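Subject: The structure you asked about

Hi there,

Here is the structure I promised to send over. Have a look at it first, and then read my notes below.

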Amino acid sequence: MWSNLPSDLLANIFSFLSPDSLARASSSCRHWHTCAKAYPLSTTSNNLAWFLAMPIQRNHTPLSCYLHDPILNNWHALSLDFLPDPVRLVGPIGSLVLIRPTSSTFLQLAICNPFTRQFRHLPMLNITRTNPAVGVIMVLDSTQSAPFPCFKVFVAGGMSEAVAPRCSATYEPTLEMYDSRHDTWQIVGPMPVEFAVRLTVWTPNESVYSKGVLYWITSARAYSVMGFEIGTNTWMELNVPMADKLEFATLVRRNGVLTLVGGICDGEACVWELVEGYNWTLVEKMPIEFGIRFLGSKRSWGSTKCVGSDKAIYLYRDLRSGMVVWREVVDKGKWEWFWVEGTSIGGKQVQTFPIKGVLLQPSLAPSCIS
């Protein structure tokens, strides 16, 4: 019966398999292998993103990434020995991840798919920069025929190299953009020097794109948000609610809306959304029992990290500690809180170390990466 199914119908069945199950299915026989390759579809059922974590220690070896499957509630370890250099995670691009090799002081970016072990460097930037802010947006292109969506990478600020032996490096007050459709970088234009300084010194790489604006948040109290409106090439600054009382603050996007997640000193973790007029409104507080379990004896949100997608928000600290997840439950038509145990593979806890996490949709589909 299975061998007589039309390839498109069989491929639709494959789309409900997790990546490891699809890998086993595609190795079962020649027909299934051909079908899986000829009709590449998303391999994540229910459209739930996976949590992927990479070490943030410089030159960490052996290099692996760790993934949590929200459907089966399992952890997996994937070797990244196919990468030519140790890397740091920058952010997700669909089913790929944007990374930067740590072997160079100056920014060099690359993309990879940890499931298919594909890797490619992006071209060098027009201006050599150290520690700039990086942002990513997906591009909808109706003329696109490739299975992987187009994207743009924005690089803002950073320190530019000295132009003469006795000159010191200076803050670079420009923004440049990479367009995957042309595989090139271009200078978008100037930016205020004070924004360049703050993006270089006080801003991590995490960015959020919402309603035509690319946002970054400063990494120290009192927090503030900087935004770049892409259509008009203009910069803006937004206040943050309770900015001087938050022990951590992170921007995510929930249902297309810019969302702020923060932990109040001696208080709760809260979720705000940006509404009309660039005002913030409180939409949720983490239940007390989850906060107690997450913080343990530390009683501080200071080491908390957060990552989100349109359908889920994850709060985490390191690889071994558990995570608190607030995500949409489609069947119930609402969002609920969940606890995810720390990384355990084969019943054994892994060695703990600092991590950076992202949410992505795993795919075994061939892409334009190579």
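What follows is a short tour of what turned up in it.

Please keep in mind that this is a predicted model. The mean pLDDT of the chain is 86, with 84% of the residues at 70 or more. One stretch to treat separately is residues 41-45, where the pLDDT is below 50. In the model, that stretch has 22 contacts beyond near neighbours in sequence.

On the overall build: the chain has 370 residues, and 50% of them count as buried. DSSP assignment gives 29 strands and 5 helices. If you take the contacts between residues at least 6 apart in sequence, 50% of them join residues at least 24 apart. The chain exposes about 17,400 Å², and 53% of that comes from carbon and sulfur atoms.

Now to the inside. The largest nonpolar core holds 20 residues, and the members that touch the most others are Y215, I217, V225, V240, L251, L260 and W280. At least two core residues come from each of strand 16 (213-217), strand 18 (234-239), strand 19 (246-254), strand 20 (257-264) and strand 21 (269-275). Setting aside neighbours within four places in sequence, L251 is in contact with V208, Y215, W216, I217, V225, L258, T259, L260 and W280.

Next, the charged pairs. The count of salt bridges comes to 13, and here are some of them.

D81 and R117 form a salt bridge in which the closest N and O atoms are 2.5 Å apart. D81 sits in the loop between strand 3 (74-79) and strand 4 (87-93), while R117 sits in the loop between strand 6 (110-113) and strand 7 (118-121), so this pair ties together parts that are 36 residues apart in sequence. D81 is exposed, at 55% relative accessible area, and R117 is partly exposed, at 40%.

K285 and E268 also meet through their side chains, at 3.5 Å from N to O. This pair links distant parts of the chain: K285 belongs to strand 22 (residues 279-285) and E268 to the loop between strand 20 and strand 21, 17 residues apart. K285 is partly exposed, with a relative accessible area of 40%, and E268 counts as partly exposed at 30%.

A further salt bridge joins E328 to K311, with 3.4 Å between the closest N and O atoms. Because E328 lies in strand 25 (residues 323-329) and K311 in the loop between strand 23 (305-309) and strand 24 (312-316), the pair ties together parts 17 residues apart in sequence. E328 is partly exposed at 25% relative accessible area, and K311 is partly exposed at 34%. Elsewhere, K332, K334 and E336 are linked in a network of salt bridges.

Finally, the cysteines. How many disulfides does a search of the whole structure find? The search finds 0. For C65, the closest cysteine sulfur is that of C112, and at 7.6 Å the two are too far apart for a bond. C65 is buried, with a relative accessible area of 0%, and C270 is buried too, at 2%.

Best wishes

Technical notes. Residues are numbered from 1 along each chain as its sequence is written. This is a predicted model: local features need pLDDT of at least 70, side-chain atom pairs count only at pLDDT 80 or more; totals for chains, interfaces and linings use all residues. Side-chain values use heavy atoms; hydrogens and water are left out. A nonpolar core is a set of buried Ala, Val, Leu, Ile, Met, Phe, Trp, Tyr and Cys residues joined through side-chain atoms within 4.5 Å. Buried means under 20% relative accessible area, exposed over 50%, partly exposed in between (1.4 Å probe, protein chains only). Helices (H or I, at least four residues) and strands (E, at least two) are DSSP runs, numbered from the N terminus. Contact means heavy atoms within 4.5 Å. Accessible areas come from the Shrake-Rupley method with a 1.4 Å probe; for residues, only the protein chains shown count as cover. A salt bridge is a side-chain nitrogen of Lys or Arg within 4 Å of a carboxyl oxygen of Asp or Glu. pLDDT is the predictor's confidence in each residue, from 0 to 100. A disulfide is a pair of cysteine sulfur atoms within 2.5 Å.
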